[in-house]
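Please have the sequence and the structure open while reading.

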Amino acid sequence: CPAGCSGSAPLSFPGWERRAGCSPGSRQIQLWHFILELLQKEEFRHVIAWQQGEYGEFVIKDPDEVARLWGRRKCKPQMNYDKLSRALRYYYNKRILHKTKGKRFTYKFNFNKLVMPNYPFINIRPNGEWGGQG
DNA sequence: TCCGGAAAGT
DNA sequence: ACTTTCCGGA
């Protein structure tokens with residue numbers, strides 16, 4: 001797998017990402033895991049970032065780039081934001097995410113309802129959005 | 001831009 | 001089960 005696959009496991013979720021990337025033995029990383037992963041890394045803040053003020057809300061600042069990165073991770077070079085956002089929409093019924101209506105490219109994690117109860121070991125540490133000044 | 005059905009791939 | 005692909009509709 002080309003760049004971006006090795007050493008990019010900042011969150012040590014047990015079993016989530018055995019071998020990141022495209023190799024046959026790699027687990028199928030889920031999109032919301034991947035989103036959380038990007039959100040955690042400061043180097044992607046120009047691409048995706050937590051929304052100030054709203055807990056769990058994030059903005060995709062560069063949809064094409066997020067899609068490109070996701071496509072790279074999943075070895076789907078034809079990935080684009082249209083397809084990625086369809087996958088995000090499937091999370092609405094699953095109560096993982098919902099859309100922040102009226103705000104472009106803005107979604108919100110249902111941390112209270114789903115994520116925290118099921119994954120209490122997730123430590124949401126955005127790099128300075130709501131803990132400090134950034 | 002965003003939605004969600006439908007079909008297909010893994 | 002979790003997308004990926006495609007698309008008509010709002």
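**Sheet, helices and domain record**

Ala 49 has Val 59 in S2 as its bridge partner. This is a predicted model, in which local features need pLDDT of at least 70 and side-chain atom pairs count only at pLDDT 80 or more, while totals for chains, interfaces and linings use all residues. Residues are numbered from 1 along each chain as its sequence is written, chains are lettered from A and ligands numbered from 1 in the order in which they are written, and side-chain values use heavy atoms, with hydrogens and water left out.

**Sheet**
- S1 and strand S2 (residues 57-60) run antiparallel and are joined by three bridges, where strands (E, at least two residues) and helices (H or I, at least four) are DSSP runs numbered from the N terminus.
- Four strands form an open sheet in the order S1-S2-S4-S3, with antiparallel pairing, two strands being paired if DSSP finds at least two bridges between them.
- Strand S1 (48-50) and strand S3 (97-99) are the edge strands, each pairing on one side only, and the twist from one strand to the next averages 30°.

**Helices**
- Helix H3 (residues 81-93) lies across S2, S3 and strand S4 (106-109) and runs at about 115° to S3; axes are lines fitted to C-alpha atoms, for helices over the stretch in contact, and angles run from 0 to 180 degrees between N-to-C directions.
- Helix H1 (residues 31-40) packs against helix H2 (residues 63-73) at an angle of about 120°, with the axes 11 Å apart.
- In H1, Leu 31, Phe 34, Ile 35, Glu 37 and Leu 38 meet Val 66, Leu 69, Trp 70 and Arg 73 of H2, contact meaning heavy atoms within 4.5 Å.

**Domain record**
- UniProt, in an unreviewed entry, lists residues 29-110 as "domain: ETS", and such annotations may be inferred rather than shown by experiment.
- Over residues 29-110 the chain is 41% helix and 17% strand, with the end C-alpha atoms 19 Å apart.
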